[in-house]
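Here's a quick tour of one protein chain. Take a look at the structure below, then work through the points that follow.

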Amino acid sequence: MTSKPEEVASPEVVTGKVVLSPAVCAEIDLWVAKYPPEHKQSAVMAALRIAQDDNGGWLSAAHLDAVAEYLSMPATTVSEVATFYSMYDLAPVGRHKVCVCTNISCMLRGSDEVMAHLTNRLGIEAGETTADGRFTLKEVECLGACVGAPAMQVGRTYHERLTPERIDRILDSLE
Ligand code: FES
């Protein structure tokens with residue numbers, strides 16, 4: 001008779017806390033090394049991005065706490081950073097984040113039409129995720145691509161001089 005192997009709970013399940021993986025810590029350490037040891041908190045934005053990428057594109061409260069602990073900084077400060085910048089998401093997101101700039105240059109060059117086309121095509125409003133989990137639509141501040149307005153960022157890729165046809169081609173090319 002064979003016995004079922006005992007299931008081993010992950011450290012997170014045991015402690016109720018997110019434990020940053022060795023790979024995540026190693027990547028954060030590369031950023032920490034760019035600053036004097038007494039200013040390792042300066043790596044907080046990179047650390048949040050790395051933890052977010054590792055967690056499917058979003059950060060739980062436990063992730064914020066883990067980053068705070070790793071960088072020896074107050075959890076409230078990490079939370080302030082994570083809630084200020086639109087590149088961090090604090091709830092689960094779709095496979096592709098579609099971030100549309102609606103700041104002044106893009107607004108003057110048609111970001112309203114871009115948003116209208118996307119909400120219509122995806123069937124969701126800004127801040128929502130499609131039912132199939134493919135897309136999260138976000139309205140963001142200036143992406144620094146004003147010269148190519150109207151612009152949006154999908155994942156790590158910038159797309160500029162958007163038209164409905166270009167948007168459709170971009171979305172069609174994604175899984
Ligand atoms: S205003 Fe849209 S990229 Fe700058």
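Of the chain's 175 residues, 27% count as buried. Keep in mind that this is a predicted model.

**The whole chain**

- You'll find eight helices and four strands here.
- Going along the sequence, they come in the pattern α-α-α-α-α-β-α-α-β-β-β-α.
- Taken along the principal axes, the box filled by the C-alpha atoms is roughly 60 × 55 × 25 Å.
- Looking at contacts with a separation of 6 or more, 56% are between residues 24 or more positions apart.

**Two domains**

- The chain splits into domain 1, covering residues 11-84, and domain 2, covering residues 96-172.
- If you take the centres over C-alpha atoms, domain 1 and domain 2 are 28 Å apart.

**Zooming in on helix H2**

- Which residues of H2 are buried? In this helix, which runs over residues 22-32, they are Val24, Ile28 and Val32.
- Look down the axis of H2 and you'll see its buried residues fall within an arc of 80°, so they line one face of the helix.
- And what do the buried residues of H2 pack against? Their partners are helix H3 (44-54) and helix H4 (61-70).

Definitions and conventions. Residues are numbered from 1 along each chain as its sequence is written. This is a predicted model: local features need pLDDT of at least 70, side-chain atom pairs count only at pLDDT 80 or more; totals for chains, interfaces and linings use all residues. A residue is buried if 20 or more other C-beta atoms lie within 10 Å of its own, exposed if 12 or fewer, and partly exposed in between; C-beta atoms are placed from the backbone. Helices (H or I, at least four residues) and strands (E, at least two) are DSSP runs, numbered from the N terminus. The arc is that of the directions from the helix axis to the C-beta atoms. Two residues are in contact if their C-beta atoms, placed from the backbone, lie within 7 Å. Domain bounds come from an automatic or database domain assignment.
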